[in-house]
Amino acid sequence: MGIRLNGVELAKKFKAEIKDTIAKEKNMGKRTPSLASIIIGEDGGSLSYIKNQVKISEELGINYEVLRFPKSISEDEIIEYLEELNKSSNVDGIILQLPLPGAFNEGRIIESISYKKDVDSLTDINIGKFYKGEESFIPCTARSVLQLIKSTCDDLRGKKAVVVGRSNIVGKPTSYLLLNEHCTVTICHSNTKELKDICKSADILVTALGIPNFITVDYVKKEAIVIDVGTTLVDGKIRGDVDFDSVIEVASYVSPVPGGVGAMTTTMLMKNTCEAWLKNVCEDTYSNSSK
Ligand code: NAP
């Protein structure tokens, strides 16, 4: 019988580290980190996500500023506003709550966020830098997956990793992070043949399909690490892609849904914000001292 990975506990560990870093720097006179959250229209973004972001920011000592706009606002006005935030030396991170309502050109608005403040890793520049291995913000879900895997085993070198799903927000960045850890990575999708056999060969299996209970014990190698990213609402409850009860019988570790990857993502967003802030306040210190 394997071990149930606890995303809530792991998030607590990261939150403690972030809180400690912020408190120490603030004690030395640095300003408070600040995250601007743009909400357009009444339904812009999910209310529960935003509530969770507000709660965790408060807990960590990050100033979370909600900027609400009516859906009647023009695209140009939003972009002008974002450009102001880009210039502001008191704003470290900007998150645009998606999806946007109505006929907004999401891509155009996203691209007007400075990549230096793009803590949600949405802009082309940030994503390009990420895949080139340059300094960038790491997409939060993929970072959560990697941290859960690393909580079981530090050295992933040479492990066979299979990622089911090839989306830009989950499958691809997760595969890339595992490749950077020197895993041998196979990416699967809806056209993959012999999916079961491929999954069954994995030391690390990450599933991001969005099909509840799709991954049964037949897909899992003995002692594998299984990370379930899937979240689908079934009869009012969130379900993962993995048939947890059967899979935990053979795997060494399995992340549950809820309480696994999803419990980590907001904390990873705050980690990105803290990193942006540290960079800004250290640059301030440097430029002040060199004046
Ligand atoms: P997506 O864009 O719909 O991608 C799903 C992927 O699964 C696609 O690549 C698709 O292949 C593949 N797929 C679908 N059916 C398949 C099958 N029968 N066999 C093999 N592959 C199959 O979804 P996403 O945005 O990546 O999200 C995936 C899941 O993660 C969703 O349930 C989502 O709600 C969840 N999620 C959770 C978090 C979190 O924080 N926990 C964050 C983001 C997403 P094709 O490319 O060929 O279509």
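Tutor: Let us start with a helix pair: Phe-130, Tyr-131 and Lys-132 of H5 meet Lys-172, Pro-173, Tyr-176 and Leu-177 of H7, where contact means heavy atoms within 4.5 Å. Helices (H or I, at least four residues) and strands (E, at least two) are DSSP runs, numbered from the N terminus. The contact of H5 with H7 has five nonpolar, no polar and two charged residues; Ala, Val, Leu, Ile, Met, Phe, Trp, Tyr, Cys and Pro count as nonpolar, Asp, Glu, Lys and Arg as charged, and the others, Gly among them, as polar.

Student: Before we go on, what kind of model is this?

Tutor: It is a predicted model, in which local features need pLDDT of at least 70 and side-chain atom pairs count only at pLDDT 80 or more, while totals for chains, interfaces and linings use all residues. Residues are numbered from 1 along each chain as its sequence is written, and side-chain values use heavy atoms, with hydrogens and water left out.

Student: OK, back to the pair. At what angle do H5 and H7 pack?

Tutor: Helix H5, residues 124–132, packs against H7 at an angle of about 30 degrees, and their axes are 10 Å apart. That makes H5 roughly parallel to H7, since angles under 35 degrees count as roughly parallel, over 145 as roughly antiparallel, 65 to 115 as roughly perpendicular and the rest as oblique. The axes are lines fitted to C-alpha atoms, for helices over the stretch in contact, and the angles run from 0 to 180 degrees between N-to-C directions. H5 passes H7 in a left-handed crossing, meaning that the near helix is turned anticlockwise from the far one by less than a right angle, whereas clockwise would be right-handed.

Student: And H6 with H7, left-handed or right-handed?

Tutor: H6 makes a right-handed crossing with H7. The axes of H6 (residues 140–150) and H7 (residues 171–180) come within 8 Å and cross at roughly 40 degrees, and H6 and H7 are therefore oblique to each other. On the H6 side the contact is made by Ala-142, Arg-143, Val-145, Leu-146 and Ile-149, and on the H7 side by Pro-173, Thr-174, Leu-177 and Leu-178. By class, the contact of H6 with H7 holds seven nonpolar residues, one polar and one charged.

Student: There's a cysteine in H6, Cys-140. What does Cys-140 touch?

Tutor: Leaving aside residues up to four places away in sequence, Cys-140 touches Val-119, Asp-120, Thr-265, Met-268, Leu-269 and Asn-272. Cys-140 counts as buried because its relative accessibility is 8%; buried means under 20% relative accessible area, exposed over 50%, and partly exposed in between, with a 1.4 Å probe and protein chains only.

Student: Switching to the sheet: in what order do the strands run?

Tutor: Six strands form an open sheet in the order E1-E11-E8-E7-E5-E6, and the pairing is parallel; two strands pair if DSSP finds at least two bridges between them. The edge strands are E1 (3–4) and E6 (184–188), each of which pairs on one side only. E5 and E6 run parallel and are joined by five bridges, with Val-185 in E6 as the bridge partner of Ala-161. E5 (residues 160–164) also pairs with E7 in the parallel sense, over four bridges, and there Val-163 stands opposite Val-206 in E7.

Student: What joins E7 to E8?

Tutor: Four bridges join E7 to E8 (residues 225–228), and these strands run parallel; the partner of Thr-207 in E8 is Asp-228. Both faces of E7 (residues 204–207) are covered, with Ile-204 and Val-206 buried on one side and Leu-205 and Thr-207 buried on the other.

Student: Where does H7 lie against the strands?

Tutor: H7 lies across E5, E6 and E7, and runs at about 170 degrees to E5.
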